[in-house]
Amino acid sequence: MSVKNNLLQIKSTLPEHINLVAVSKTKPVSDLMEGYEAGQRIFGENKIQEMAEKWEQMPKDIQWHMIGHVQSNKVKFMAPFVSLIHGVDSLKLLQEINKQALKSNRIIDCLLQMHIAEEETKFGLDQEELASILSSNEFQELKNIRIVGLMGMATFTDKKDQIKKEFTHLKSIFDQFKIHNSQFTILSMGMSGDYQLAIECGSTMVRIGSSIFGGRN
Ligand SMILES: *Cc1c(COP(=O)(O)O)cnc(C)c1O
């Protein structure tokens with residue numbers, strides 16, 4: 001199967017309101033261009049430098065999403081062009097993004113990453129930390145970032161029940177916070193292995209890599 005066929009096949013199964021992020025990390029620009037030519041305009045990367053290199057080489061109507069863990073000292077390399085940062089999980093990082101966004105004279109959209117999985121290793125906030133960030137004075141002062149929703153990753157497991165429970169939990173947090181945050185419109189959950197389940201549970205944005213571009217080494 002080609003990138004184009006994979007992409008069109010997946011798109012044909014997605015409900016219309018679902019945004020597809022084509023996760024192209026580690027893949028060469030030629031593979032991304034195949035996706036671009038098939039109509040894909042949102043690409044997700046997990047390393048800032050790799051994303052910046054691809055941004056330089058590729059058409060400028062692409063929306064670049066940073067889906068990986070963000071190192072503060074590298075925010076400046078993506079601030080001029082990144083369209084959505086999925087993995088924000090601290091006030092300190094928000095402050096750095098705000099600072100760099102201001103330098104680029106932009107407002108950068110961000111998602112706060114929630115910890116919903118069982119594994120200790122996954123990044124993310126709990127509900128209390130989320131509430132504390134959103135209600136802090138420091139956050140209110142940040143005029144060059146906008147929190148547009150939440151992102152989460154389920155436990156890496158075959159147990160559908162567990163994944164479903166975790167996605168449902170994230171959706172309930174999203175709904176709860178949406179009441180007081182009218183800018184909350186995006187719930188980013190679901191990858192190649194679990195995106196159908198994520199959509200059933202209320203996802204609005206799926207991040208799909210290997211099912212489009214093939215496996216990674
Ligand atoms: C790599 C990655 C994906 C895509 O994973 P696939 O299983 O290849 O679809 C999605 N989200 C994040 C945060 C990732 O790092």
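Mentor: Let's begin with a term: a polar contact is a pair of N or O atoms within 3.5 Å; within protein, one atom must be able to donate a hydrogen and the other to accept it, and residues adjacent in sequence count only if both atoms are side-chain atoms. The model is predicted, with local features needing pLDDT of at least 70 and side-chain atom pairs counting only at pLDDT 80 or more, while totals for chains, interfaces and linings use all residues. Residues are numbered from 1 along each chain as its sequence is written, and side-chain values use heavy atoms, leaving out hydrogens and water.

Trainee: Which residues are around the ligand?

Mentor: Those with a heavy atom within 4 Å of it count as near. They are Val23, Lys25, Ile67, Met151, Met153, Met191, Ser192, Arg207, Ile208, Gly209, Ser210 and Arg216.

Trainee: How many residues of each class are in that shell?

Mentor: There are 6 nonpolar, 3 polar and 3 charged residues. Here Ala, Val, Leu, Ile, Met, Phe, Trp, Tyr, Cys and Pro count as nonpolar, Asp, Glu, Lys and Arg as charged, and the others, Gly among them, as polar.

Trainee: Good, now to single residues. Why is Glu45 called buried?

Mentor: Buried means under 20% relative accessible area, exposed over 50%, and partly exposed in between (1.4 Å probe, protein chains only). Glu45 has 0% relative accessibility, so it counts as buried. Glu45 is in strand β2, residues 42–45; strands (E, at least two residues) and helices (H or I, at least four) are DSSP runs numbered from the N terminus.

Trainee: What do the polar contacts of the Glu45 side chain join it to?

Mentor: One of 2.7 Å joins it to the side chain of Ser24, and one of 2.9 Å joins it to that of Lys54.

Trainee: How do you know that Ser203 is buried?

Mentor: Its relative accessible area is 2%, so Ser203 is buried. Ser203 is in the loop between α9 (195–200) and β8 (205–208). Its side chain reaches the backbone oxygen of Leu187 at 3.4 Å and that of Met205 at 3.1 Å.

Trainee: And what makes Ser136 buried?

Mentor: A relative accessible area of 12% makes Ser136 buried. This residue is in the loop between α6 (127–135) and α7 (137–140).

Trainee: Why does Glu56 count as exposed?

Mentor: At 58% relative accessibility, Glu56 counts as exposed. Glu56 belongs to helix α3, residues 48–57.

Trainee: Is Asn105 buried or exposed, and how do you know?

Mentor: With a relative accessible area of 70%, Asn105 is exposed. Asn105 lies in the loop between α5 (91–103) and β5 (108–114). It has a positive phi of about 55° although it is not a glycine.

Trainee: Where is Thr26 found?

Mentor: Thr26 is in the loop between β1 (19–23) and α2 (29–37). Thr26, not a glycine, has a positive phi of about 70°.
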